[in-house]
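Please look over the sequence and the model with the points below at hand.

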Amino acid sequence: HLALKNKEFKLFLQPKFNLKNDDLIGAEALVRWQDPDGSYRFPNEFIPLFESNGFCLKLDMYMIEEGCKQIRSWIDSGVKPIPISVNQSKLLFSDRNYPNNLEKIINKYNVPASLIILEILEGVAANDMDFLNQQIETLHKKGFKVSMDDFGSGYSSLNMLYQLKIDELKLDRGFLRKVS
């Protein structure tokens, strides 16, 4: 909590390119924890703990805010903004207030919701598909897009994929290797 208060969690952007023409089409938000001594901790060192203790709820919303700040900075500087994908935990999607909380953040920074892509893992769909689709529908109405990250890494089901109302699908590298 102190690290969050001290803004030790940093936003890094990994570019996303169109493979047909090499155009920059977006970026994925990556979180890094910078210790006061300047060294960095990578997500595999802290995300599993944060998922188990629930702190990921605060960190995920913080990263949405950091993404909105970056987009606002681009807009204010006259740079055409690109969409930023931000990982979102299973716990967030189970919160009925989640879409409204997201809307408050984008309104605070006056950022179009279409520039924030919410990335979920396929495990989010394992529990209550109907509720998840309701959440996605509410998010769509507010202008957000939803992406499924790492499809094929665990609970993969084409039937599940068919039922979900997602906007983007990112296939797991291991899944592609097995298929090819």
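Predicted model: local features only at pLDDT ≥ 70, side-chain atom pairs only at ≥ 80, totals over all residues.

1. Residues are numbered from 1 along each chain as its sequence is written, and side-chain values use heavy atoms, with hydrogens and water left out.

2. Six salt bridges are counted, each being a side-chain nitrogen of Lys or Arg within 4 Å of a carboxyl oxygen of Asp or Glu. One of them joins Arg-41 to Asp-35 at 3.1 Å, N to O. Asp-35 is buried, with a relative accessible area of 15%, whereas Arg-41 is partly exposed at 31% (buried means under 20% relative accessible area, exposed over 50%, partly exposed in between, with a 1.4 Å probe and protein chains only).

3. Another salt bridge links Glu-66 and Lys-69 at 3.0 Å, N to O; both residues lie in helix H3 (residues 56–76), three residues apart, or about one turn of the helix. Helices here are DSSP runs of H or I with at least four residues, and strands are runs of E with at least two, numbered from the N terminus.

4. A search of the whole structure finds zero disulfides, a disulfide being a pair of cysteine sulfur atoms within 2.5 Å. Cys-56 is buried at 6% relative accessibility, and Cys-68 is buried at 0%.

5. Phe-42 lies in the loop between strand E3 (40–41) and helix H2 (43–53), and Phe-42 counts as partly exposed because its relative accessibility is 43%.
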